[in-house]
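Please open the model in your viewer and keep the sequence panel beside it. The tour below moves from one selection to the next and says what is there.

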Amino acid sequence: MSQNTVKVEGLRELRKALKTANIGYEDLKAAGLEAAVPVLKEAKVIVPVLSGALEQSLRAAGQASGAVVRAGFKSVPYAGVVHFGSPQRNITPRPYLYDALDRRQSEVVAIYEKRINNISKSI
């Protein structure tokens, strides 16, 4: 498992079972969003801040396939450069999203375990 990924074993099989049982993905999306929120909150605490635009661009989303925390917009195109760095510009990486996930990983896993167990009981 890489430092920036939390893998939920059996999620693909659960999605297939939900589809077979004709149950929508809304519960999985809600679980993903709930799991993304602690990472989002942590990222907002540790993101580098100059103007505040990068911090304000952070957002969480739940998807049937997992959880996502994103940074940047068209008006904040430097989000990736801040996170991953740029050797050509001598910018050191500041992986605030990965660090936020690392700090909140156990919480994310606990949320997914609880929500997926509840979903599984309804199948």
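How many helices and how many strands are there in the chain? There are 5 helices and 2 strands, where helices (H or I, at least four residues) and strands (E, at least two) are DSSP runs numbered from the N terminus. Before you select anything, note that this is a predicted model, in which local features need pLDDT of at least 70 and side-chain atom pairs count only at pLDDT 80 or more, while totals for chains, interfaces and linings use all residues. Residues are numbered from 1 along each chain as its sequence is written, and side-chain values use heavy atoms, with hydrogens and water left out.

Of the 123 residues in the chain, 33% are buried, where buried means under 20% relative accessible area, exposed over 50%, and partly exposed in between (1.4 Å probe, protein chains only). Among contacts (heavy atoms within 4.5 Å) between residues at least 6 apart in sequence, 61% join residues at least 24 apart.

Next, select residues 59-63 and 66-70, which are strands β1 and β2, paired in the antiparallel sense over 5 bridges; two strands pair if DSSP finds at least two bridges between them. A hairpin of 2 residues joins β1 to β2. Across the pair, A60 stands opposite V69 in β2, and G62 has A67 as its bridge partner in β2.

Now show the largest nonpolar core, which has 24 residues, with L54, L58 and Y96 making the most contacts inside it. Such a core is a set of buried Ala, Val, Leu, Ile, Met, Phe, Trp, Tyr and Cys residues joined through side-chain atoms within 4.5 Å. The elements giving two or more residues to this core are α2 (26-46), α4 and α5 (96-121), and the largest share, 9 residues, comes from α5. Centre the view on L58: leaving aside residues up to four places away in sequence, L58 touches L40, A43, K44, V47, R70, A71, Y96 and L97.

From there, turn to the second largest pocket, whose volume is about 200 Å³. On a 1 Å grid over the protein atoms alone, a pocket is an open set of points where a 1.4 Å probe fits, with protein on both sides within 12 Å along at least five of seven lines, and lining residues have an atom within 4 Å of a point. Its lining has 14 residues, of which P48, L50, L54, Y78 and V82 lie nearest the centre. Two or more lining residues come from each of α3 (53-57) and α4 (79-84), and α3 gives the most, with 3 residues. The lining divides into 9 nonpolar, 3 polar and 2 charged residues.

V82 counts as buried because its relative accessibility is 19%. Not counting residues up to four places away in sequence, V82 touches P48, L54, T92, P93, R94 and Y96. The C-alpha atoms of V82 and R94 are 5.9 Å apart, although the two residues are 12 apart in sequence.

For the last stop, select N90 in the loop between α4 and α5. Is N90 buried or exposed? N90 is exposed, with a relative accessible area of 70%. Its backbone also deserves a look, as N90 has a positive phi of about 60° although it is not a glycine.

Conventions: Grid points are joined across faces, edges and corners, and a volume is the space filled by probe spheres set on the points. Ala, Val, Leu, Ile, Met, Phe, Trp, Tyr, Cys and Pro count as nonpolar, Asp, Glu, Lys and Arg as charged, and the others, Gly among them, as polar.
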